[in-house]
Amino acid sequence: MVGPDRMRVTWITEDDAQATVDYGTETENYGMSSVGSTSSYSYTMLYKSGNIHEAVIGPLVPGTVYYYRCSGNPSREFFFKTPPAKLPIKFVVIGDLGQTGWTNSTLTHISNTRYDVLLLPGDLSYADFYQPRWDSFARLIEPLASSHPWMVTQGNHDIESIPFLQPKPFKSYNARWHMPFEQSASPSNLFYSFDAAGGQVHVLMLGSYADFEVGSEQYRWLKADLAKVDRERTAWVIGVLHAPWYNTNEAHQGEGEGMRKAMEEVIYDGRVDVVFAGHVHAYERFTRVFNNKEDECGPIHITIGDGGNREGLASDYMNPQPSISLFRQASFGHGQLDVVNSTHALWTWHRNDDDEPVVADSVWITSLAANSACKKQK
């Protein structure tokens, strides 16, 4: 998604091809066309990417099916439906996806549900320096990513820097996953925000592996971004990041603590409703919390790093279970956030259980904008 009424289409070809997208509202009838740009990248001396094309199409009508083809290829037609211009809207949330049998199961379950936008809180391909895995990952997700907008942020497995040989971090990630950071006045592709449902939902995509300290570019941008949000108009604010700020799993203990200490007060003052994280390969849902204590005006923190990665599940939890942790389980799966109206949203976690989708956790969420006790002071 690029701004309120445009989409960025990204595709890769082995051979030279035009960076054009032809599109229209009828199959094989493309009345509109957009010309974009082409780039490529080399990783160490062992890999050179294909031609990475991208083009922004629009303006587009909300809630409308568009058919499109890339580089004039008549043999491959894709389609997508633009998200709605008002509530309700449904988000699918998956973290730490990878490309395993469990990934396939998760993607199959997602393909069988109706949703508008996919959010991914980092760790996409698990290429882990072996660049052809970025290509196989793109082929794996193409049926879903070509038909719904994927809004992603980075994880530790997307860094891929090697001292001396490949010192620049996120080279592959940034080359392949151009997010709309420019539209939210962010200086970096590693953190940005976007609006959905005609501005009734504001989504923060934060960078756990970009500098987040007080006074950093990301910190300053976050404060400025939240200061622009009018909660009379924007009923919901959602945060997405990789390393969880709250975590009772034995895995990755404390790895999000530095970012929490630097940014939690900004998030709290911005009355962010929900914060989704990945990194821990399990599921966990917390109550509304601020500074390690239950707080009715803090966000609900949800760890959803169970998309299907090849490292397996994180099955060991701290005991006894802290009171702020309401539900936790090590199983692969995905989540759905159905924002029904300006006051209520339904969150459900869909567990992959013997390759069958199982709703293992669900909760109705009331927006902080609807809670008079949490009204921000003017």
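Leaving out neighbours within four places in sequence, Glu217 touches Pro187 and Phe191, contact being heavy atoms within 4.5 Å. Glu217 sits in helix H4 (residues 217–227); helices here are DSSP runs of H or I with at least four residues, strands are E runs of at least two, and both are numbered from the N terminus. With a relative accessibility of 47%, Glu217 counts as partly exposed, a label for values between buried (under 20% relative accessible area) and exposed (over 50%), using a 1.4 Å probe and protein chains only. From Glu217 to Phe327, 110 residues apart along the chain, the C-alpha separation is 35 Å.

All of this comes from a predicted model, where local features need pLDDT of at least 70 and side-chain atom pairs count only at pLDDT 80 or more, while totals for chains, interfaces and linings use all residues. Residues are numbered from 1 along each chain as its sequence is written, and side-chain values use heavy atoms, with hydrogens and water left out.

Helix H4 also packs against a partner. Its axis and that of helix H5 (residues 257–269) come within 10 Å and cross at roughly 15°; axes are lines fitted to C-alpha atoms over the stretch in contact, with angles from 0 to 180 degrees between N-to-C directions. That makes H4 roughly parallel to H5, the term for angles under 35 degrees. On the H4 side the contact is made by Gln218, Tyr219, Leu222, Lys223 and Leu226, and on the H5 side by Met259, Ala262, Met263, Val266 and Ile267.

Now for the rings. The count comes to 16 aromatic pairs, a pair being Phe, Tyr or Trp rings (the six-membered one for Trp) with centres within 6.5 Å; planes under 30 degrees apart are stacked, over 60 edge-to-face, and the rest tilted. Tyr66 and Phe80 are stacked, at 5.9 Å centre to centre and 25° between the planes. Tyr66 belongs to strand E8 (residues 65–70) and Phe80 to strand E9 (residues 78–81), so this pair ties together parts 14 residues apart in sequence. Both Tyr66 and Phe80 are buried. Phe276 and Trp347 make a tilted pair, at 5.0 Å and 40°. Because Phe276 lies in strand E16 (residues 274–277) and Trp347 in strand E22 (residues 344–353), the pair ties together parts 71 residues apart in sequence. Phe276 is buried at 1% relative accessibility, and Trp347 is buried at 0%. Ring pairs also link Tyr23, Tyr66, Tyr68, Phe78 and Phe80 into a cluster.

Notes:
Parallel < 35°, antiparallel > 145°, perpendicular 65-115°, else oblique.
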